[in-house]
Amino acid sequence: MTIEILQTGPLLASCEKALAERYTVHKLHEVSDKDAWLKENGARIRAHAGSGVQKPLMDQLPNLEIIASFGVGYDNIDTAAAKAKNIRVTNTPDVLNDAVAELTIGLMIALARRIPQGDQFVRTGKWPNGNFGLFSELTGKTVGILGLGRIGKEIAIRAQAMKMRVVYYGRKQQGGVPHIYYDNLEEMARDSDWLVIIAPGGKNTEGIVSRKVLEALGPKGMLVNVARGTLVDEPAMVDLLQNGGLGGAALDVFVDEPKVPEALFGLDNVVLSPHQGSATNQTRDAMGALLVANLDRHFAGEPLISAVV
């Protein structure tokens, strides 16, 4: 008898193929009456592949053993409920570090040099009427990184290659890190030209980049968010971008994505990206392979590769 697992949303094709080769996969997102299906079949499910798992779903899966999440962030999984129910949770770290770090630097350059706006300037035929303008560069600037974890360190390496000075803020100072540590985010923002957000989401970091932090970053300061939209006071950010209190923003994530504040659309000091941090073929394939490998390890009784609970 094969092990039965549940999906509640689509996954990468290569990941779904690998799961189907090993397990009996049920796709709840393709079922019309989900509650009826769970009532009839929920007890057979031993694993969940994907993310976004909360306690009500866990309650409907009494024999759930593991949630293998697709992604490094797991703030959309009720880990406290999982721990109480002795359900293991895994994520897919490390394999996406480079992709997210590359996009971060790309967004920074795009914002500093107004690359998307320059593209439109040429496409709409404005160039013959005059030059585009002068903007800024990364060289010699200070970048403050909020969250110097695995990805944050990769961003720091690339920022240094761009001849930037790196400082960081986190819950505690890290040993063996060659960057200046700040224990006050507002002070770091005041001393930085760029603020890059790459900390985990969740209750502990919600709104951590407050209006005061954004005001400290100031009218020449640049904000980059490749973490979660919830870390930023989004209304304050929009207001400051509109009135000149904040120099610019490059955003890959938003509070209520895919809905984006419409006020951002008309701003020239903003670069917008549709949550593309890890969105490369090689990275997503690696993430899917790690998800499957964690499931395989669990059902083989072997140590998990990347357990969070």
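Guide: Domain 1 and domain 2 bury about 450 Å² between them, and 63% of that area is on carbon and sulfur atoms. The size of an interface is often given in this way, as the accessible area lost when the parts come together. The model is a predicted one.

The domain assignment gives domain 1 as 4-91 + 281-300 and domain 2 as 96-272. Domain 1 is therefore written as two stretches of the chain, with the numbers of domain 2 falling between them. The C-alpha centres of the two domains lie 33 Å apart. Where they meet, 5 residues of domain 1 are in contact with 6 residues of domain 2. On the domain 1 side, Val72, Asp75 and Thr283 supply 78% of the area buried against domain 2, more than any other three residues.

Asp75 can be taken next. Its side chain meets that of Arg228 in a salt bridge, with 3.2 Å from N to O. Across the interface of the two domains, the rule finds 1 salt bridge. It also finds 1 residue pair in polar contact there. By class, the side of domain 1 that touches domain 2 has 2 nonpolar, 2 polar and 1 charged residues.

Thr283 sits in helix H11, which covers residues 281-299. Thr283 has a relative accessible area of 6%, under the 20% cut-off, so this residue counts as buried. The side chain of Thr283 makes a polar contact with the side chain of Thr280, at 3.1 Å. Leaving out residues up to four places away in sequence, Thr283 touches Val95, Leu96, Ala99 and Ser278.

One further residue, Asn269, is worth a look. Asn269 is found in the loop between strand E11 (248-251) and strand E12 (270-272). Its relative accessible area is 13%, which means that Asn269 is buried too, since the cut-off is 20%. Asn269 and Ala112 are 157 residues apart in sequence, and their C-alpha atoms are 9.0 Å apart in space.

Note on methods. Residues are numbered from 1 along each chain as its sequence is written. This is a predicted model: local features need pLDDT of at least 70, side-chain atom pairs count only at pLDDT 80 or more; totals for chains, interfaces and linings use all residues. Side-chain values use heavy atoms; hydrogens and water are left out. Contact means heavy atoms within 4.5 Å. Buried area is the accessible area (1.4 Å probe) that two parts lose on being put together, summed over both. A salt bridge is a side-chain nitrogen of Lys or Arg within 4 Å of a carboxyl oxygen of Asp or Glu. A polar contact is a pair of N or O atoms within 3.5 Å; within protein, one must be able to donate a hydrogen and the other to accept it, and residues adjacent in sequence count only if both atoms are side-chain atoms. Ala, Val, Leu, Ile, Met, Phe, Trp, Tyr, Cys and Pro count as nonpolar, Asp, Glu, Lys and Arg as charged, and the others, Gly among them, as polar. Helices (H or I, at least four residues) and strands (E, at least two) are DSSP runs, numbered from the N terminus. Buried means under 20% relative accessible area, exposed over 50%, partly exposed in between (1.4 Å probe, protein chains only).
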